[in-house]
Amino acid sequence: MRSFVHESAAVRVVFGAGTLAALAEEAARLGLDRLLVVSSPGQRTLAERAAAILGPRAAAVHAGAVMHVPRESVGPALDAASAVGADGYVAIGGGSAIGLAKALARATGRPIIAVPTTYAGSEMTPIWGQTEGGVKATGRDERVRPRAVIYDPELTVSLPPRVAGPSGINALAHCVEALYAFDASPITMLIAEEGIRALAAGLPAVIAEPESVEARGRALYGAWLAGSALASATLGLHHKLCHTLGGSFNLPHAEVHTVILPHAAAYNAPAAPEALARAARALGAPSAPAGIFDLAVALGAPTSLAALGMVEADLDRAAELATRSPYPNPAPLTREGIRRLMDDAFHGRRPDQADTELRARS
Ligand code: NAD
């Protein structure tokens, strides 16, 4: 058995239908009584509901979060926090709201309580991101990892299928890459495999029965596990490619993950056969790359970069950007290999077993 290091962070997780009601109690447990509630503009009503539950512990609502935390969105949020003397933040919504709260926590050292309503997984990680001039910088800082997370599946019932599908595959990507990460511990791998199982069962159920809190709960449970896997493993090619495509070509985050994942998995399959076999087992599919592709199709999610508005002329530059600096990945990164991957992703070709085996032999 190989050696490993596993570190567990002290994050309190409260999971269950209706648990938003416990928000004031969670704030009291952390000794916070002047909280700034942060959300995207679309989730303002939800943020106001959270503030009402907090009662006197809510200092104000700031509904100014924007995807990828542009620098311009951080200043007004900091002003809002200092205007009310906030002693902490409640981030309610998707990865954008949590991202803005993380920018505040990084600047002030104040804690976050997160109430995620998508499957992005940011609430479990110490990873922050900020975009400036079209370039997204990311880093790790323990101060930005939320101290408490409330997962209430009832809040995700309003997540439309066209958002839920890609957001769920975004979570699946954390699990798949954690399975082959060089620094994944056996516990992280168990979490990742169970995350894939929960998402593969939960997401189709969410699409089939959008009103079912039971189905929403299964998917959200998978998202929690995926966020935990993301927090404790160094991810490779897939996340690097999505980061490049999102940042440099302004493509939507979760949808890019959905399109790229089958192809990144196929690229790494020959170099990480055991990890991909575990992923396939959890998906209940003969092959993980094709199984992920078929899941995206079943969810009605996009499967090609062309459908996301990328232009074919940019594929060369994307491949060049993605191979510019080295990073850990099971399969060696070659410019031609990544260019071929980008071509498959651009056209939305279904990876098949034969292709994967052919690559393994070449
Ligand atoms: P998002 O927060 O922008 O949400 C996606 C869409 O869902 C938005 O239109 C939002 O208004 C809508 N939405 C959210 N909750 C809803 C609800 N309950 N009902 C109806 N609609 C709802 O995007 P996201 O996909 O959640 O997160 C993506 C962002 O998070 C990216 O910036 C990404 O880089 C970041 N992220 C960071 C980490 C990390 O560890 N730092 C991890 C994953 C993602």
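How far apart are the mean positions of the positive and negative charges of the protein?

1. The mean positions of the 32 positive and 34 negative charges of the protein lie 4 Å apart. In this count Lys and Arg are positive and Asp and Glu negative, while His and the chain ends are not counted; each charge is placed at NZ of Lys, CZ of Arg, CG of Asp or CD of Glu.

2. Basis of the values. This is a predicted model, in which local features need pLDDT of at least 70 and side-chain atom pairs count only at pLDDT 80 or more, whereas totals for chains, interfaces and linings use all residues. Residues are numbered from 1 along each chain as its sequence is written, and side-chain values use heavy atoms, with hydrogens and water left out.

3. Overall form. The secondary structure comes to 14 helices and eight strands, where helices (H or I, at least four residues) and strands (E, at least two) are DSSP runs numbered from the N terminus. The radius of gyration of the protein is 20 Å, which agrees with the value near 21 Å that a compact globule of 362 residues would have; this radius is taken over C-alpha atoms, and the globule rule is 2.2 Å times the number of residues to the power 0.38. Along the principal axes, the C-alpha atoms fill a box of roughly 65 × 40 × 40 Å.

4. Of the 362 residues, 56% are buried, with buried meaning under 20% relative accessible area, exposed over 50% and partly exposed in between (1.4 Å probe, protein chains only). The protein exposes about 14,700 Å², and carbon and sulfur atoms supply 53% of that area; accessible areas come from the Shrake-Rupley method with a 1.4 Å probe, and for residues only the protein chains shown count as cover. Among contacts (heavy atoms within 4.5 Å) between residues at least 6 apart in sequence, 75% join residues at least 24 apart.

5. The nonpolar core. The largest nonpolar core has 51 residues, of which Y119, L172, I196, L276 and L283 touch the most other members. The elements that each supply at least two residues of this core are β8 (148-151), α5 (161-179), α6 (186-208), α7 (213-231), α9, α10 (273-283) and α11 (288-298), and α5 gives the most, with nine residues. A nonpolar core is here a set of buried Ala, Val, Leu, Ile, Met, Phe, Trp, Tyr and Cys residues joined through side-chain atoms within 4.5 Å.

6. Two residues of α5. L172 is found in helix α5 and counts as buried at 0% relative accessibility; leaving aside its neighbours within four places in sequence, L172 is in contact with I196, L199, L261, L283, I292 and L295. C175 also has its place in helix α5, is buried with a relative accessible area of 0%, and touches A192, G195, I196, L199 and A226, not counting residues up to four places away in sequence. The C-alpha atoms of C175 and G195 are separated by 6.5 Å, although these residues are 20 apart along the chain.

7. L100 belongs to helix α4 (residues 95-108) and is buried at 1% relative accessibility; beyond its neighbours within four places in sequence, its contacts include V38, H62, V69 and A77. Q130 lies in strand β6 (residues 127-132) and counts as buried at 18% relative accessibility. Among the contacts of Q130, again leaving aside neighbours within four places in sequence, are H68, V69, R71, V74, A103 and R106.

8. H68 has its place in the loop between β3 (58-62) and α3 (71-83) and is buried, with a relative accessible area of 18%. N250 sits in the loop between α8 (237-249) and α9 (253-268) and, at 67% relative accessibility, counts as exposed.

9. G16. This glycine is found in the loop between β1 (12-15) and α1 (23-29) and counts as buried at 14% relative accessibility. Not counting residues up to four places away in sequence, G16 touches Y151, D152 and P153, whereas G16 and V66, which are 50 residues apart in sequence, are 27 Å apart in space, C-alpha to C-alpha.
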